[in-house]
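Grab a pencil and work through these exercises with the model open beside you. Each task comes with a solution that goes step by step.

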Amino acid sequence: MSNKITRPVPDKAKVKALKKQKPPADRGMELPIDEGYSKTFLRVIVAVSVFLFAITLAGVLGINTMFENSKRQVVSNFTIQVLPQPNYEDSRKDLLNVVEFMEKYPDVEQVTVLSDKELRGLLEPWLGNNVDIELLPIPKLLDVKIRQAKNFDYKELAVRLSEVSAQASINDHNLWLSRLLKFINSLKMLAVTVLILVAGACVAAFVYAAKTGLNVHREVIAILHTMGATDEYIAVNYVKQITQMSVAAGIAGTLTAIPAIMIVGSMAKGIEAGIFNAVTFGLGDWMIILLLPFVSAALVAVTAYITVVRTLKKMV
């Protein structure tokens with residue numbers, strides 16, 4: 001009787017099928033997170049977060065641009081009012097003296113006397129359309145544009161102007177501008193706070209999603225560990241897939257936000273609020289907005305890597 005052990009004969013069909021089976025083209029897809037509700041949840045979170053971030057960021061950039069344009073206009077311009085006198089010729093002579101003095105004053109670039117039509121346009125919102133300004137003791141207004149607004153001495157000008165005409169006075173915008181600056185800074189701080197909250201909510205959502213995804217694929221992770229895969233390898237695998245998803249979702253959120261930004265900008269053009277100019281975006285502003293998908297993807301990648309590595313250490 002023979003003691004030889006008979007080897008099992010392999011199934012030829014199974015061997016043939018195994019030979020035909022090809023390895024995955026991307027070895028980084030061994031951890032299948034891109035499936036089911038997890039994929040949809042992550043993409044929706046990124047898209048909505050980038051959309052809100054883009055809208056808020058556009059508001060910050062628009063407010064900053066609007067304020068800078070208004071500040072430049074206000075600082076480089078001021079007005080002088082010349083009160084009328086009982087005698088028309090005396091008023092006219094007094095106005096001409098003030099204009100001549102201002103045109104020769106240092107750092108003054110241009111002096112413009114507002115016409116009766118322009119004065120009527122300023123008064124119409126308050127007095128209506130049927131008011132004859134010639135019957136009212138309305139002062140003449142001079143719009144003065146200066147070259148070096150930073151070093152311009154308004155106090156010295158006021159003293160010298162009083163020597164030319166006792167009826168002339170300067171309307172300085174510095175007090176009003178300082179209040180406007182405080183208001184604009186408050187709006188910007190509020191918008192920055194919203195940006196931080198949106199970013200924080202996005203990070204928290206991804207921490208939760210990463211932990212949930214790892215728990216769902218606990219068996220796959222155990223198999224990978226058995227085959228010799230390290231925590232860093234699994235984390236890089238996870239980050240690679242989630243970054244690709246984040247970029248695509250971020251681009252979708254940005255493309256959705258751009259029409260909304262343009263609609264709000266077109267609505268702002270119809271608002272005529274004194275010195276406030278229409279909200280405009282330069283090339284640099286649009287580049288910042290268009291970079292949001294990649295910035296969000298980088299934030300997601302860092303968050304996912306740290307979360308995955310810490311979670312895997314606890315799972316061991």
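**Exercise 1. Find where Ala166 sits, and decide whether Ala166 is buried or exposed.**

Solution. Start with the place: Ala166 is in the loop between α5 and β4 (168–171). Helices (H or I, at least four residues) and strands (E, at least two) are DSSP runs, numbered from the N terminus. Next, the cut-offs: buried means under 20% relative accessible area, exposed over 50%, and partly exposed in between (1.4 Å probe, protein chains only). Ala166 has 72% relative accessibility, so Ala166 counts as exposed. Last, look across the fold: Val82 is 84 residues away from Ala166 in sequence, yet the C-alpha atoms of the two are 8.7 Å apart.

A word on the ground rules: this is a predicted model, where local features need pLDDT of at least 70 and side-chain atom pairs count only at pLDDT 80 or more, while totals for chains, interfaces and linings use all residues. Residues are numbered from 1 along each chain as its sequence is written, and side-chain values use heavy atoms, with hydrogens and water left out.

**Exercise 2. Describe how helix α3 and helix α5 pack.**

Solution. Two packed helices are described by the angle between their axes and the distance between the axes. For α3 (residues 88–104) and α5 (residues 154–164), the angle is about 145° and the axes are 10 Å apart. Here axes are lines fitted to C-alpha atoms, for helices over the stretch in contact, and angles run from 0 to 180 degrees between N-to-C directions. The residues in the contact are Asp94, Asn97, Val98, Phe101 and Met102 from α3, meeting Leu157, Arg160, Leu161 and Val164 from α5. Contact means heavy atoms within 4.5 Å.

**Exercise 3. How many salt bridges does a search of the whole structure find, and which residues form a salt bridge?**

Solution. First the criterion: a side-chain nitrogen of Lys or Arg within 4 Å of a carboxyl oxygen of Asp or Glu. The search gives one salt bridge. Lys104 pairs with Glu100, and their closest N and O atoms are 3.4 Å apart. Both residues belong to helix α3, where they are four residues apart, about one turn of the helix. Now check the accessibility of each partner. Lys104 is exposed because its relative accessibility is 65%, and Glu100 is partly exposed because its relative accessible area is 42%.

**Exercise 4. What is the phi of Asp107, and where is Asp107 placed?**

Solution. Most residues other than glycine have a negative phi. Asp107 isn't a glycine, but its phi is positive, near 70°. You'll find Asp107 in the loop between α3 and β2 (108–113). With a relative accessible area of 33%, Asp107 is partly exposed.

**Exercise 5. Compare three residues: are Thr56, Thr254 and Val264 buried or exposed?**

Solution. Take Thr56 in helix α2 (residues 36–75) to begin with. Its relative accessible area is 15%, so Thr56 is buried. Setting aside neighbours within four places in sequence, Thr56 is in contact with Ala191, Val194 and Leu195.

Move on to Thr254, in helix α8. Thr254 is buried too, because its relative accessible area is 3%. Not counting residues up to four places away in sequence, Thr254 touches Val50, Ile289, Leu290, Leu292 and Pro293.

Finish with Val264, which is also placed in helix α8. At a relative accessible area of 54%, Val264 is exposed. Val264 and Gly59 are 205 residues apart in sequence, but 9.5 Å apart in space, C-alpha to C-alpha.

**Exercise 6. Which residues form a nonpolar patch on the surface?**

Solution. The patch consists of Ile251, Leu255, Leu291, Phe294 and Val295, and together they have about 480 Å² of accessible area. Patches are made of residues with over 30% relative accessible area and no salt bridge: like charges are joined within 9 Å, nonpolar side chains (Val, Leu, Ile, Met, Phe, Trp, Tyr) within 5 Å. Accessible areas come from the Shrake-Rupley method with a 1.4 Å probe; for residues, only the protein chains shown count as cover. Both α8 (231–269) and α10 (292–315) supply at least two residues of the patch. Leu291 is in the loop between α9 (283–290) and α10, and its 45% relative accessibility is why Leu291 counts as partly exposed.
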